[in-house]
Amino acid sequence: MPSSQNPSIAGLALDPTGVRPDLGDAEVLRVGPSEIHATLTALRAGGCTMLLDIGGVDYLGREPRYDVVYHLLALPAAAADVKTVGRPRRVRVLVGVPDAEPVLPSAIDLWPSANWAEREIFDFFGIRFTGHPNLKRIQMPEDWSGHPLRKDYPLRGPAKEATPRPAFALKSNVPAGAPPAGKVAAALQRQIARARGQEPPKPAGDEA
Amino acid sequence: MSVTLDVVERSGNTMTLSLGPQHPSTHGVLQVIVEVAGEIVERADMEIGYLHTGIEKSAENLFWTQASTVVERMDYLNPLGNALCYVLAVERLLGITDRIPERAQSVRVLMSELSRIASHCVWLGTGGIDLGAISTFFYTFDIREDILALIEASGGARMHPNYLRVGGINGDLPGGFLAKLDALIVKFPQRMRELRTLLQNNPILRDRMIDVGTISAEDAAAWSLTGPILRATGVAYDIRRAFPYSGYEKYEFDVPTRTEGDAYARFLVRLEEMDESMRIIAQVRQELERPGPIMIDDPKIAQPPKETIALSMEALIHHFKIVSESFRVPPGDVYQAIESPRGELAYYVVSNGDNRPYRVRTRPPSMYNLQSLLLMAPGGLIADIVVMIGSLDPVFGEVDR
């Protein structure tokens, strides 16, 4: 719906990045997936000591579909007081990632803090990072399907059957669909069965 | 502790233990899997995500005016700080940063500093409990209770008031607020003296904290540590000074730093930060004497005052439009950072011109701070992991979002 409120808005922008460089929050660079590692290496050598964050955005309908956004900060080497720190340089590097081949080189060799950030991008957007030592889901359960922050992932889905998980088990130790083990889980299953009006499964000891 | 330490695996000389996810010292729902040889940690890994609630996804599906309510739920010890960061980002995209009334800015600074003290109170109280200093908890929660009462008086709720709005604040400070604030300003130094007497030179606390979880300034940068943890390594990076927002450049305060980089240095930095926050609050208190507008003078963004709605057709229309379909934000992307009690909290907000944010990406300081446990824990004692987690002050609403 075109806006009647703000005449400066003509319609919806498919790629809002770079529309308004005047905001002045950071220096903005846009590179392709093949150049990203060389660019980050050069920036690291050029004083960007801190990789603040890696974010992802899904521009569904645009080609390339995803943006991976690196936020860098150049802290000076001597930074003992507020004056020497001053106003450090901020750099934002945007990389377009195509849907057909959602792969980027990992930045973990440059900044170890990229570890969890890249896992989160993989978890939420399905973009893989080559060279990452432990690329698995971080926020969603290991056996989850789909990548929730993609724009075609629904906000609400059909209610799924609640799958009781064994208490205090490692998320990664539980294979998908494994029946929960242990007394607590068995009691929970009996409760669930009673709530659904089904025959509760007998406790293991009763059969003998 | 032995109750919750389940042996997951045993091989050779090492044993793999699971600390958490339900353990009081993990300050939330965190599972640390440690491989120990005797009492020495050889390797540590973490499982997070137990508190994941999809806040970023929810925010994409709410109006610009509504999304501030969900972002407040991330860092539940500093909800007003999260809201402040979000509204600053939206205001920057709208291009109205310079038009926010002075009184609204003062109240925002007041709220964010009160939240900082309240958040550090929780850290100090629960961190004390981790080390066996139970009584600290009651001293710090006494201060926090006073602060939450102030937040409730102004915003209507103790934890998530949604008091900061795009364009200003929601309603002026109520009558009697300044008297309560004055009482807190008077009481606070005495309370801090008591806390320092209890803790600062306590031999048990010093033994547990000194040289535990030490991090160098280079490692802190490489692991993306910010806030008190970075400042405890000797780097005076404070966003309130480096990239001032909401008029922080007006106020006099120091940025406390230490050079040791261990848990005790972080403890001292946070204690000093509480004093500095109170210094800012005392300066803001002087400004609050002057009345003034608290919302931007722009009917497209600010809701009209309730009493005008029955009298003016325009006010009624504006009110209806803002409530039913919010406002539209010009396309663009912006990275807005603030100094949260835990470090650099930032939102990377993308607008495509619609009445909902296209993307609200958080830079969660807790997550990056917590990640550095992978670096700190190996080589230390298993009992020190508790101290390390406490000194990192993670908030799991923010780690998991």
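Let me start with a helix pair in chain B. From H5(B), the residues B:Thr136, B:Tyr139, B:Thr140, B:Ile143, B:Asp146, B:Leu150, B:Ala153 and B:Ser154 meet B:Phe177, B:Lys180, B:Leu181, B:Leu184, B:Phe188, B:Arg191, B:Glu194, B:Leu195, B:Leu198 and B:Leu199 of H6(B). Contact here is C-beta to C-beta within 7 Å, with the C-beta atoms placed from the backbone. Helices (H or I, at least four residues) and strands (E, at least two) are DSSP runs, numbered from the N terminus.

By class, the residues of this contact are 11 nonpolar, 3 polar and 4 charged. The classes are Ala, Val, Leu, Ile, Met, Phe, Trp, Tyr, Cys and Pro as nonpolar, Asp, Glu, Lys and Arg as charged, and the others, Gly among them, as polar.

This is a predicted model, where local features need pLDDT of at least 70 and side-chain atom pairs count only at pLDDT 80 or more, while totals for chains, interfaces and linings use all residues. Residues are numbered from 1 along each chain as its sequence is written, and chains are lettered from A and ligands numbered from 1 in the order in which they are written.

Back to the pair. Helix H5 (residues 134-155) and helix H6 (residues 177-199) of chain B pack at an angle of about 165 degrees, and their axes are 10 Å apart. The axes are lines fitted to C-alpha atoms over the stretch in contact, and angles run from 0 to 180 degrees between N-to-C directions. H5(B) is therefore roughly antiparallel to H6(B), a label for angles over 145 degrees. Their crossing is left-handed, meaning that the near helix is turned anticlockwise from the far one by less than a right angle.

Next, the core. The largest nonpolar core has 154 residues, and A:Leu72, B:Val90 and B:Met388 have the most contacts inside it. Helix H4 of chain B (residues 102-130) gives the most to this core, 12 residues. Such a core is a set of buried Ala, Val, Leu, Ile, Met, Phe, Trp, Tyr and Cys residues joined through C-beta atoms within 7 Å. Buried means 20 or more other C-beta atoms within 10 Å, exposed means 12 or fewer, and partly exposed is in between.

What does A:Leu72 touch beyond its neighbours within four places in sequence? It is in contact with A:Leu43, A:Cys48, A:Met50, A:Leu51, A:Leu52, A:Val91 and A:Val93.

On chain A itself: it has 4 helices and 6 strands, running β-α-β-β-α-β-β-α-β-α from the N terminus. Of its 208 residues, 28% are buried.

At the interface, 47 residues of chain A are in contact with 51 residues of chain B. S2(A) gives the most to the chain A side, with 6 residues. That side has 28 nonpolar, 12 polar and 7 charged residues.

Last, backbone geometry. Most residues other than glycine have a negative phi, and most peptide bonds are trans. The bond from A:Glu63 to A:Pro64 is cis, with omega near -5 degrees, and A:Pro64 sits in the loop between S2 and S3 of chain A.

Two aspartates have positive phi. B:Asp211, at about 65 degrees, is in the loop between helix H7 (203-209) and helix H8 (217-222) of chain B. B:Asp393, at about 55 degrees, is in the loop between helix H16 (382-392) and helix H17 (396-400) of chain B. Buried or partly exposed? B:Asp211 counts as partly exposed because it has 13 C-beta neighbours inside 10 Å, whereas B:Asp393 is buried, with 27 other C-beta atoms within 10 Å.

Key: Two residues are in contact if their C-beta atoms, placed from the backbone, lie within 7 Å. Angles under 35 degrees count as roughly parallel, over 145 as roughly antiparallel, 65 to 115 as roughly perpendicular and the rest as oblique.
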